[in-house]
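Please keep the sequence and the structure in view while reading.

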Amino acid sequence: MTGPNEPENIPPPPRMGLKNKLIRTMIVVGTLPLLLAMVISYVQGNKSVQEVIGASFKALAFETATKTDFILKEEISKNIHRASHPTLILTARSQNQIVGNIAAPEIKDYFAEKIAAWKQGDEAIHPILNNAGSRVLKSLLRDNSISSRATRAMYITDTRGALVSSINFYPDFLNADDPAHKRVMAEGESFVYLSDIYKDAEQGEYVFHLAVPIKNFEKNIFGIFHRIYSAKDFFSPSIEPIIFGETGHVMMINSDGVVIDCPILPTGTHLDDAELVRSVTGPEAHWAQTHGDGHGSSDVSIIGFAPLLETNAYINPSSGKKWFTFAWQSSHELFAPTRKLFQWISAAALISILLIVFMGSLASNRIVQPIRHLQDTTARIGRGEQVEPLNIRTGDEIESLANEVNTMNRLLAEAFSGLEAEVQKKTTALRYLQEYTESILMSVPDVLLIFNESLKLEYVNQAFEKIGGVTGKDVTGKSLEDLPAEFQEQWKFLGEELRRFSQGIVSLASPSPASANEPRDPLAPKVPGASGEKRNVITLGNRVFVYQFFKVDVKTDGKRPIGLLMRDISEEKALQDQLAMAEKLSGLGTLAAGIAHEMNNPLYSIMGYTEAILDEKDSGKIQTFAGKILSRARHMASVILNMSGYARSKTTDETQDVNLNERLDAAIEMALMASYSDNVDLVKNYSPLPLIKAKPEEIQQIFLNIIRNGVQAMEGKGQLTIASSRVDGNIVTRISDTGPGIPKEYLSKVFDPFFTTKEQGKGTGLGLNIVHRLVEKYGGQIEVTSQLNVGTTFTITFPVSPPEEPH
């Protein structure tokens with residue numbers, strides 16, 4: 001039981017009482033089927049209403065399309081019949097004969113004169129407006145029909161497109177470029193041209209163009225009968241009277257969504273909703289439910305539509321367009337019955353829920369009373385109070401629960417008697433384990449830091465305290481950038497590395513030159529992948545550390561802390577630098593012999609020319625001999641310069657701009673000088689290269705080691721090919737020899753330290769290992785390919801701007 005001085009763990013009060021839960025359950029159980037049935041009824045009713053409305057709108061649109069088809073077909077038939085009028089045929093044929101008798105050179109002047117007269121003529125006296133054909137055309141408009149009132153122009157043209165007769169000055173005199181003239185003349189005597197609507201600039205309204213051929217009984221075409229109609233005046237008498245409700249009406253559009261006739265929208269209005277236009281321009285009569293109605297609303301709307309099938313048979317070949325009718329009504333008016341139905345269903349559902357709540361409240365009171373008594377008793381047991389056994393007689397699960405509570409109370413009283421001693425024992429063991437773990441971590445010689453999910457320090461060991469000169473209490477809760485310790489710049493760099501690691505981004509630091517291909521016991525078995533392993537290093541004062549971030553396998557609130565381990569490799573790095581210098585100096589003996597051989601000839605020449613100068617009296621010859629001496633001396637200076645640059649320690653120079661082609665030439669000269677052979681065929685293919693930041697002697701050492709190996713492999717006879725180029729932001733150098741090649745089983749080992757295929761005493765096995773480390777130091781890569789009895793190729797790749805080594 002709880003002691004008198006121990007705080008009580010009182011649970012928070014329940015957010016919802018049992019009575020309320022019972023009422024809620026009854027509401028859910030009672031109202032869910034009711035609401036589901038109402039929703040299904042509403043959805044089905046709404047769907048049925050929409051289908052009925054859609055079918056009605058489809059029928060209305062189809063009826064209007066059929067009626068409009070009939071009107072247009074009848075109008076086309078009448079105009080075909082009018083085009084066969086004898087007077088119109090004779091007038092067009094006469095015009096063709098007149099033009100046909102004019103000489104070809106005079107045709108242009110003839111038409112120019114006619115065009116000028118047409119533009120300046122008087123309607124009362126102009127022959128085109130008063131000839132026999134024009135009188136027939138004007139007589140055709142005296143019936144005062146809808147088509148006559150909608151006619152804006154009626155005229156005939158000959159086979160050249162020249163105007164023959166007209167009722168007004170509307171058409172141009174020459175219509176050879178008119179699409180109607182071109183299509184009718186191209187398609188032949190049976191073609192009827194019916195254009196889409198277009199805006200006439202002179203009339204300022206939208207019109208459409210009907211053109212049929214003028215032909216005789218032998219089907220010979222003498223001209224074309226043209227008629228221009230106002231789209232609004234022609235279609236409005238048959239379209240606009242169809243109105244239903246307050247907003248329902250029928251309208252006509254083309255396949256591009258341009259309004260042809262509508263009681264609300266002006267003719268020529270373009271419907272911007274491409275999805276709406278696509279939905280209501282199908283190949284057959286139908287209805288569609290769309291978001292938007294083409295009249296400025298984006299609400300759901302039902303639209304019935306139908307194509308003008310017979311009319312489209314003329315329009316589509318002529319202009320590539322089609323015409324459609326569609327019936328529409330505003331969404332507010334259209335769905336008013338549906339909204340009324342929803343309101344009635346909602347009211348019925350609300351009344352039903354209120355009744356269920358009332359009945360549930362009555363029933364829950366009889367269930368909750370004994371449960372509340374049970375709850376009060378268990379709460380007192382939880383507080384450690386002495387309670388009397390419960391006496392609940394309901395004859396159901398609540399009574400069984402009361403008996404279980406009585407049993408639990410008895411068992412708890414027995415169990416609590418030995419619990420306190422056990423808790424004390426476990427607490428002591430846990431405290432010892434914590435102190436033991438802390439002691440181990442503080443004794444680790446490597447630096448260890450642990451960061452929380454906010455990248456703040458949670459733990460540092462004693463090795464860090466010695467390096468930073470601070471205690472763990474001073475840095476806990478701080479980021480690496482805020483450490484009150486030495487080497488602020490390096491800690492900030494590691495802080496940036498930490499953030500990148502936490503985000504899964506590659507490290508900013510370049511691989512350590514000491515990380516790849518470290519010296520190892522050549523008799524020891526090789527660990528797979530060990531030679532290519534990369535480590536990140538950082539310098540703190542005169543000490544060099546290799547560091548690694550890692551995820552700690554302890555999850556805190558679903559997040560894993562991050563650890564940083566830093567190991568001191570100062571002695572290891574110094575040893576590797578000594579090995580590299582030893583490898584460089586190991587070749588000086590061979591180079592020295594080569595240099596002596598290389599300098600011997602120019603030295604004898606200098607001595608000879610000097611003796612000649614002493615005996616020569618002619619000043620001209622003396623000057624010539626002096627020039628020879630200067631040339632030989634410069635050659636010797638070049639040899640000495642290359643030698644001194646190669647032997648210089650890498651610690652004496654800072655990085656500078658390096659031209660790789662120049663370093664290649666210097667390495668070639670030194671390698672060939674040491675070979676004592678003039679039988680190496682050298683092929684150089686250099687490309688202009690950008691400069692890189694590096695130490696010149698290290699770049700030269702890379703090339704020298706590879707070229708020297710190639711010359712030695714060829715035994716001074718063969719072809720050495722060296723090429724450089726820039727590829728995708730990288731500088732690529734290839735060095736190929738025609739030596740015996742490297743066996744396939746050795747290719748993976750050539751960069752390992754102390755590995756060599758040369759005889760005892762002729763190689764240290766460090767040359768290519770040093771090359772590999774220097775290439776990676778400057779962010780580059782090196783690859784080797786070889787074929788037995790063919791040769792070997794080394795490919796070295798440097799980035800144009802390699803990453804700088806962190807300090």
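## The contact of α2 with α3

Gln 95, Ile 98 and Val 99 of helix α2 meet Ile 107, Tyr 110 and Phe 111 of helix α3, where contact means heavy atoms within 4.5 Å. Sorted by class, this contact of α2 with α3 holds 5 nonpolar residues, 1 polar residue and no charged ones; here Ala, Val, Leu, Ile, Met, Phe, Trp, Tyr, Cys and Pro count as nonpolar, Asp, Glu, Lys and Arg as charged, and the others, Gly among them, as polar.

The axes of α2 (residues 86–100) and α3 (residues 104–120) come within 10 Å and cross at roughly 130°, the axes being lines fitted to C-alpha atoms, for helices over the stretch in contact, with angles that run from 0 to 180 degrees between N-to-C directions. The two helices α2 and α3 are therefore oblique to each other, given that angles under 35 degrees count as roughly parallel, over 145 as roughly antiparallel, 65 to 115 as roughly perpendicular and the rest as oblique.

## Basis of the model

The model is a predicted one, in which local features need pLDDT of at least 70 and side-chain atom pairs count only at pLDDT 80 or more, while totals for chains, interfaces and linings use all residues. Residues are numbered from 1 along each chain as its sequence is written, and side-chain values use heavy atoms, with hydrogens and water left out.

## Overall make-up

The protein has 22 helices and 24 strands, taken as DSSP runs (helices H or I, at least four residues; strands E, at least two) and numbered from the N terminus. Of its 807 residues, 41% count as buried, where buried means under 20% relative accessible area, exposed over 50% and partly exposed in between, with a 1.4 Å probe and protein chains only. Among the contacts with a separation of 6 or more, 62% are between residues 24 or more positions apart.

## Aromatic rings

Rings of Phe, Tyr and Trp (its six-membered ring) pair if their centres lie within 6.5 Å, and planes under 30 degrees apart count as stacked, over 60 as edge-to-face and the rest as tilted. By this rule there are 12 aromatic pairs. In one of them, the ring centres of Phe 208 and Phe 234 are 5.4 Å apart and the planes stand at 80°, so the pair is edge-to-face. This pair links distant parts of the chain, with Phe 208 in strand β5 (residues 205–215) and Phe 234 in helix α8 (residues 231–239), 26 residues apart.

Phe 208 is buried at 1% relative accessibility, and Phe 234 is also buried, at 6% relative accessible area. Ring pairs join Phe 208 and Phe 234 with Tyr 229, Phe 235 and Trp 323 in a cluster. Elsewhere, Arg 93 lies over the face of Phe 222, at 5.5 Å from the ring centre; a charge sits over a ring if NZ of Lys or CZ of Arg is within 6 Å of the ring centre and within 35 degrees of the ring normal.

## Positions paired across the sequence

Ala 285 lies in the loop between α9 (274–279) and β10 (286–291) and is buried, with a relative accessible area of 17%. Apart from neighbours within four places in sequence, Ala 285 is in contact with Lys 58, Phe 62, Phe 305, Ala 306 and Pro 307. Ala 285 and Phe 305 are 20 residues apart in sequence and 5.6 Å apart in space, C-alpha to C-alpha.

Asp 482, in the loop between α15 (472–475) and α16 (488–502), is partly exposed at 46% relative accessible area. Between the C-alpha atoms of Asp 482 and Lys 492 there are 8.2 Å in space, and the two are 10 residues apart in sequence.

Most residues other than glycine have a negative phi. Leu 455, however, has a positive phi near 60°; Leu 455 is found in the loop between β13 (447–451) and β14 (457–460) and is buried, with a relative accessible area of 15%. Asp 728 likewise has a positive phi, of about 50°, in the loop between β21 (718–727) and β22 (730–737), and Asp 728 is exposed, with a relative accessible area of 76%.
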